[in-house]
Amino acid sequence: MAFTPYHNIDGSNGVDVELLAPGDNSGGIKSILITNTHATAEATVSLFIQNNPTAAAASTFFMLSTVAIPVGVSLLLDNSDMLSFNNNLSGYGLYVTVGSSDTLDVLIKK
């Protein structure tokens, strides 16, 4: 899978969304911008890395856990040390979990 920097996320289409798959070799992430695009409701967001997401024994590490983002607000994560992780074939993917009525834009900058 190729690196995709822009994501429109609609929670009604699935609350767990893969942003970067293991094996994308998308190292060197500089920032992630998460924007709540819902007109009236706050969004609840978790951002995590996980290896082997289809296995029962996957390892999961949260960068954000159930963070509420108000209507029309953006959250910028720009600590490249925190965003650095092994994204080769045997490494980790990047995922976001949102509420079923949430709508978000996620922009990833390398």
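## Contacts, core, sheets and rings

Colleague: Which residues does Leu94 touch, leaving out those up to four places away in sequence?
Modeller: Leu94 touches Val17, Glu18, Leu19, Leu20, Ile32, Leu47, Phe48, Ile49, Met63, Phe85 and Ile108. A contact here means heavy atoms within 4.5 Å.

Colleague: Before we go on, what kind of model is this, and which residues count?
Modeller: It is a predicted model, in which local features need pLDDT of at least 70 and side-chain atom pairs count only at pLDDT 80 or more, while totals for chains, interfaces and linings use all residues. Residues are numbered from 1 along each chain as its sequence is written, and side-chain values use heavy atoms, with hydrogens and water left out.

Colleague: Good. How many residues are in the largest nonpolar core, and which have the most contacts inside it?
Modeller: That core has 23 residues, and Leu19, Ile32, Leu47 and Leu94 have the most contacts inside it. The elements giving it two or more residues are β2 (16-20), β3 (31-36), β4 (43-51), β5 (60-69), β7 (92-98) and β8 (103-109). With four residues, β4 gives the most.

Colleague: How are core and strand defined?
Modeller: A nonpolar core is a set of buried Ala, Val, Leu, Ile, Met, Phe, Trp, Tyr and Cys residues joined through side-chain atoms within 4.5 Å. Buried means under 20% relative accessible area, exposed means over 50%, and partly exposed is in between (1.4 Å probe, protein chains only). Strands are DSSP runs of E with at least two residues, numbered from the N terminus.

Colleague: On to the sheets. What is the strand order in the one with β2 and β7?
Modeller: It is an open sheet of four strands, ordered β2-β7-β4-β5, with antiparallel pairing. β2 and β5 are the edge strands, each pairing on one side only. On average, neighbouring strands are turned by 20° against each other, direction ignored. Those angles come from axes fitted as lines to C-alpha atoms, and angles between N-to-C directions run from 0 to 180 degrees.

Colleague: How many bridges join β2 and β7?
Modeller: Four, in the antiparallel sense, with Leu20 standing opposite Leu94 in β7. Two strands pair if DSSP finds at least two bridges between them.

Colleague: And which strands make up the sheet with β3?
Modeller: That open sheet has four strands in the order β1-β8-β3-β6, again with antiparallel pairing. Its edge strands, each pairing on one side only, are β1 (6-10) and β6. The twist averages 15° from one strand to the next.

Colleague: Is β3 enclosed or open to the outside, and why?
Modeller: Five of its six residues are buried, so β3 is largely enclosed by the rest of the structure. Six bridges join β3 to β8 in an antiparallel arrangement; Ser31 has Lys109 as its bridge partner in β8, and Asn36 has Leu104. Four antiparallel bridges join β3 to β6 (residues 74-77), where Ile32 stands opposite Leu77.

Colleague: Changing topic: how many aromatic pairs turn up?
Modeller: Three, from a search of the whole structure. The ring centres of Phe48 and Phe62 are 5.3 Å apart and their planes are at 45°, so this pair is tilted. Phe48 in β4 and Phe62 in β5 are 14 residues apart, and their pair links distant parts of the chain. Phe48 and Tyr95 have ring centres 5.6 Å apart and planes at 20°, so that pair is stacked. It too links distant parts of the chain, with Phe48 in β4 and Tyr95 in β7, 47 residues apart.

Colleague: What are the cut-offs for pairing rings?
Modeller: Rings of Phe, Tyr and Trp (its six-membered ring) pair if their centres lie within 6.5 Å; planes under 30 degrees apart count as stacked, over 60 as edge-to-face and the rest as tilted. Ring pairs link Phe48, Phe62 and Tyr95 into a cluster. Both Phe48 and Tyr95 are buried, with Phe48 at 8% relative accessibility.

Colleague: Last one: what about Ser65, buried or partly exposed?
Modeller: Ser65, in strand β5, is partly exposed because its relative accessible area is 46%. Not counting residues up to four places away in sequence, Ser65 touches Val45 and Ser46. Ser65 and Gly27 are 38 residues apart in sequence and 22 Å apart in space, C-alpha to C-alpha.
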